[in-house]
Amino acid sequence: MPETRTIKKILVANRGEIAVRVLRTAREMGLRTVAVYSDADRGALHVRLAHEAVHIGPPPSGESYLVIDKIVEACRVTRADAVHPGYGFLSEKAEFARALDKAGIVFIGPRPESMDAMGVKTTARKNMAAAGVPTVPGSPAPIAEEKEAKAFAESIGYPVMIKAAAGGGGKGMKKCDRPEDFLPLWQSARREAGGAFGDDRLYIEKFLEKPRHVEIQVFFDAHGNGIWIGERECSVQRRQQKVIEESPSCILDEKMRRAMGEVAVKAGKAVGYRGAGTVEFLVDAGRNFYFLEMNTRLQVEHPVTEMCTGLDLVRMQIEVAQGLAIPAQEQVVRSGHAIEARVYAEDPARNFMPSPGKITYLRVPGGPGIRDDSGVYAGWLVPQFYDPMISKLLAWAPTRERAIARLLRALGDYHVHGITTNVPYLRNALRHPAFGSGDYDTGFCARYAKELLVPPDAKYEQTALIAAAIAAFKRDHDEAEAFAARAGEAQSVRSNWARIGRARALRGAVR
Amino acid sequence: MSTYVALLDGGKREESIDVKLLSPGVYEVKIGDQLHVVDAFKHDYGTLNIIVDTESYSVQLDQRATEVKVHLRDSVFTLEILDEKRLRMRRAAGKFTVEGKQTLATPMPGKVVKVLRKVGDEVKEGEGVVVVEAMKMENDIKSPKDGKVVEIFVQEGQAVEGGARLAVVE
């Protein structure tokens, strides 16, 4: 029987919306909370919401949020007994979990051995294949020789994907359609991988036609229990960056869902997993599914699952870290449909150029079935140093159709001034017939790039001009009035001291 | 009555608008030969509700340094709105043009990660001259015209403020 231990104070080793998300649950559980912040984040929302806050260095994350020693020191100073890493930053660094363990601090996440086992892609694939989990056909290990690699590509047939063994984020990843392109692409992928990860080992996978990205949320405790909590469809992606996620996926039926869920639990058990994890699959046009990778952390899009199940995944993570048991598989009941749209500070009309800066005005939607997981507020200066995501807006409804309508309505009520956001782009994506039909794959954003950038509707131009002109008139009019009021005030001096002073000055009595 | 001029499509198009206050909150607005009586109510910073006939529009006016972004229903119109005095000043300052020397500036603060061209290089319109990284993404700052790079103000690794000058193309 694993020991249970009490957690009293949690340090959140992150920033932005996920730090806010974790702090909310921690406070609901009556725990003390600690935020960490860089120079750029002194005024950030997560610092406002925590009981204590520790400064950890200059804005670049390499000198603050990514420095293990600084986080451990912040725990020591505040006597925090546990750390929640959020996602990104140190969340998937096994050495971070080990450093905390050495300092006697609970890491709210998997054991470092599980993170190691899933960290290198070819090792993860080998572990999964050994556990009987289907993987995308490809080379079982990294291939050193380019001639050998080309021969392997020919044996499985083009198109193929060349991938970095240490990969992630699309770096060192190339699609190759024809044998004559193979060598230059292989060399380019090797350079990119070496530069990005300091590890230029490559392997080859078969390219799947029209793949969909479907992932399964899994949860394990220290008592040997493992469950799956439904899927998330994440095929609306732009440059390997997810934009819209939903659950359930339109491509799964109950039988396939259960099969994928059971495979995902098997994948986690194979590496002795503990806590929250996500097993990512590619689903091909023939509805075959293949293991892609396991993310050993809480995902950005976890609220989609929370809305469909009523569970609080952060609370479950903290409970598992305390040694408590997770609910049984039969206790997980899913209902309705949830969709998440990621609000980014970027300008789709200018090739999605980032748009950091001061938020001069912010009004967010409410109403039935809406959840806004935001990390910003009006007056906040969105820093240039971090991820451009400022919020995740979610809608839940009994059916997919109604969830889309609800999210569209809510996005229409989402007003951010001072910086440019992708809100109109999100609305166009949700309204697109291919999204509406549910028949879309990871090529959606690229295929419909033009249709998703709709210019303003000419029929509203006159009304826009009327509004802008009245606003300008009001501004000028109010200014003139305020000026007149000030002038009037100056004439009727209220203070007797001022009156005496002025009278004396006129007589020339006092200089 | 006050007359305003709206500059649309980056200054390529102009519309003249006359505004007259009829009674508190009620305006007569003339655009071209169209005359509208409009009931306007300013809710808070940047939010204006206008009723034209019986149609009600909640309009968001996001005022930036020079331009205003008008959000209305599903559309966003970017325009500059000037009164007659400001328009004269603006005209005196010269029309929008890509003739002659063009200064490249970064629209957002960030870090220069690469300078792609050096002084004396020929560039085509739309070709990147400097790469600025912001929010973990790299962005090409492109030349607005065909020409030659005559000046570069930044070095790789340098931090830049929003609006900072990067290079001059002639």
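In which sense, left-handed or right-handed, does α12(A) pass α13(A)? In this predicted model, the crossing of α12(A) with α13(A) is left-handed. The two elements involved are helix α12, covering residues 400-412 of chain A, and helix α13, covering residues 423-431 of chain A; they pack at an angle of about 160°, and their axes lie 10 Å apart. Because an angle over 145 degrees counts as roughly antiparallel, α12(A) is roughly antiparallel to α13(A). On the α12(A) side, the contact is built from I404(A), L407(A), L408(A) and L411(A), while α13(A) brings V423(A), L426(A), R427(A), L430(A) and R431(A). Sorted by class, the residues of this contact comprise seven nonpolar and two charged, with no polar ones.

Helix α4 (residues 94-102) of chain A packs against helix α5 (residues 112-119) of chain A at an angle of about 170°, with 8 Å between the axes. The pair α4(A) and α5(A) is therefore roughly antiparallel. Here A94(A), A97(A) and R98(A) of α4(A) meet P112(A), M115(A), D116(A) and G119(A) of α5(A). The contact of α4(A) with α5(A) has four nonpolar residues, one polar residue and two charged residues.

Turning to the strands of chain A, an open sheet of five strands is found, ordered β3-β2-β1-β4-β5 and paired in the parallel sense. At its edges stand β3 (52-55) and β5 (106-107) of chain A, each of which pairs on one side only. Within this chain, strand β1 (residues 9-12) and strand β4 (residues 82-84) of chain A run parallel and are paired over three bridges.

Strand pairing in chain B features two hairpins that share β6(B). Strand β5 (residues 47-52) of chain B is antiparallel to strand β6 (residues 55-63) of chain B, with six bridges between them. In this pairing, L48(B) stands opposite V59(B) of β6(B). Two residues lie between β5(B) and β6(B) in the hairpin, and D53(B) in the turn has a positive phi of about 55°. The next hairpin links β6(B) to β7(B) through four residues. Strand β7 (residues 68-72) of chain B runs antiparallel to β6(B), and four bridges join the two. Among the facing residues, L61(B) has V70(B) in β7(B) as its bridge partner.

Finally, the two chains meet each other. The contact involves 33 residues of chain A and 44 residues of chain B. On the side of chain A that touches chain B, two or more residues come from each of β16 (353-354), β22 (415-417), α13 and α16 (461-491) of chain A. Of these elements, α16(A) supplies the largest share of that side, with 15 residues. By class, the side of chain A that touches chain B holds 19 nonpolar, eight polar and six charged residues.

Methods: Residues are numbered from 1 along each chain as its sequence is written. Chains are lettered from A and ligands numbered from 1 in the order in which they are written. This is a predicted model: local features need pLDDT of at least 70, side-chain atom pairs count only at pLDDT 80 or more; totals for chains, interfaces and linings use all residues. Axes are lines fitted to C-alpha atoms, for helices over the stretch in contact, and angles run from 0 to 180 degrees between N-to-C directions. Angles under 35 degrees count as roughly parallel, over 145 as roughly antiparallel, 65 to 115 as roughly perpendicular and the rest as oblique. A crossing is left-handed if the near helix is turned anticlockwise from the far one by less than a right angle, and right-handed if clockwise. Two residues are in contact if their C-beta atoms, placed from the backbone, lie within 7 Å. Ala, Val, Leu, Ile, Met, Phe, Trp, Tyr, Cys and Pro count as nonpolar, Asp, Glu, Lys and Arg as charged, and the others, Gly among them, as polar. Two strands pair if DSSP finds at least two bridges between them.
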